[in-house]
Amino acid sequence: MNWETIDTHAKQWVKEAGEKIRLSFKTKLNIETKSNPNDLVTNIDKEVEQFFIQHIKEVYPEHKIMGEEGFGDELHNLEGVVWLIDPIDGTMNFIHQQRNFAISIGIYENGIGKIGLIYDVVHDELYHAIRGKGAYINGKPIPKLKETTIKESILALNATWVVENKRIDNNLLIPLVKEARGTRSYGSAALELVFLATGRVDAYFSMRLAPWDVAAGAVILEELGGIVTNLRGEKLDFLSKNSLFAAKPGLHQTILNDYLKGGEW
């Protein structure tokens with residue numbers, strides 16, 4: 001498998017898709033809801049996913065595709081080469097802000113991440129990695145992650161999880177939030193993972209994400225020494241939705257042992 005050639009094609013298609021998205025800023029969006037009133041999708045999400053599928057199937061007909069908007073293949077395993085695509089990660093931000101969203105593509109072989117691409121369309125920042133070859137932003141190497149303490153950490157965490165909610169006991173994370181230097185929430189899992197990869201935040205938590213939300217970010221982050229698991233510290237399952245806990249080395253184990261163990265995640 002020539003991963004460099006696949007990576008070259010993927011980067012070209014990501015940049016072309018980004019230009020399509022930028023051009024859409026001047027047009028009226030067709031906005032629909034999916035599972036709930038805040039789970040939004042636009043005609044651009046759908047068009048960009050179909051754009052990727054068309055190109056992938058033309059050049060790599062044997063590859064399989066898992067896409068957020070459902071235009072890919074129906075998968076029951078991750079055998080062979082699988083592209084996990086989120087055409088616009090952060091659709092609510094895309095609609096309301098025209099920023100703070102990204103294209104996210106993870107390419108896996110037999111369940112192992114080989115290529116990760118996250119494109120911050122508005123800032124023209126492409127975060128990319130090939131397994132075993134380091135991680136980069138627009139071709140420039142990203143330094144390996146360094147260990148830090150909780151008191152010096154900024155946590156990427158939605159405020160929903162420290163107020164009363166239906167999914168978890170909000171008291172579980174309050175002590176961690178109190179000890180950390182600060183918290184942030186950006187509304188795009190892909191961007192939060194690359195912000196962790198570049199040291200802008202130190203850990204990221206989410207209670208429920210789909211495989212295409214994290215597939216690319218996991219490849220990039222692990223190239224830099226970051227740890228990506230669910231909130232129980234287990235390996236992610238890229239065929240189903242998972243909780244997510246990603247952090248710098250050392251910090252991941254500390255938070256897992258001192259704050260997350262015993263929680264019903």
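Trp 13, Tyr 60 and Trp 83 are linked into a cluster by ring pairs, where rings of Phe, Tyr and Trp (its six-membered ring) pair if their centres lie within 6.5 Å, and planes under 30 degrees apart count as stacked, over 60 as edge-to-face and the rest as tilted. The model is predicted, so that local features need pLDDT of at least 70 and side-chain atom pairs count only at pLDDT 80 or more, while totals for chains, interfaces and linings use all residues. Residues are numbered from 1 along each chain as its sequence is written, and side-chain values use heavy atoms, with hydrogens and water left out.

| Pair | Centre to centre | Angle between planes | Class |
|---|---|---|---|
| Tyr 60 and Trp 83 | 6.4 Å | 35° | tilted |
| Phe 94 and Phe 101 | 5.1 Å | 70° | edge-to-face |

Tyr 60 lies in the loop between α2 (43–59) and β3 (64–67), and Trp 83 in strand β4 (residues 81–89), so their pair ties together parts that are 23 residues apart in sequence; helices (H or I, at least four residues) and strands (E, at least two) are DSSP runs, numbered from the N terminus. Tyr 60 is buried at 10% relative accessibility and Trp 83 at 0%, buried meaning under 20% relative accessible area (1.4 Å probe, protein chains only). Phe 94, at 2%, and Phe 101, at 0%, are likewise buried.

Definitions and conventions: Buried means under 20% relative accessible area, exposed over 50%, partly exposed in between (1.4 Å probe, protein chains only).
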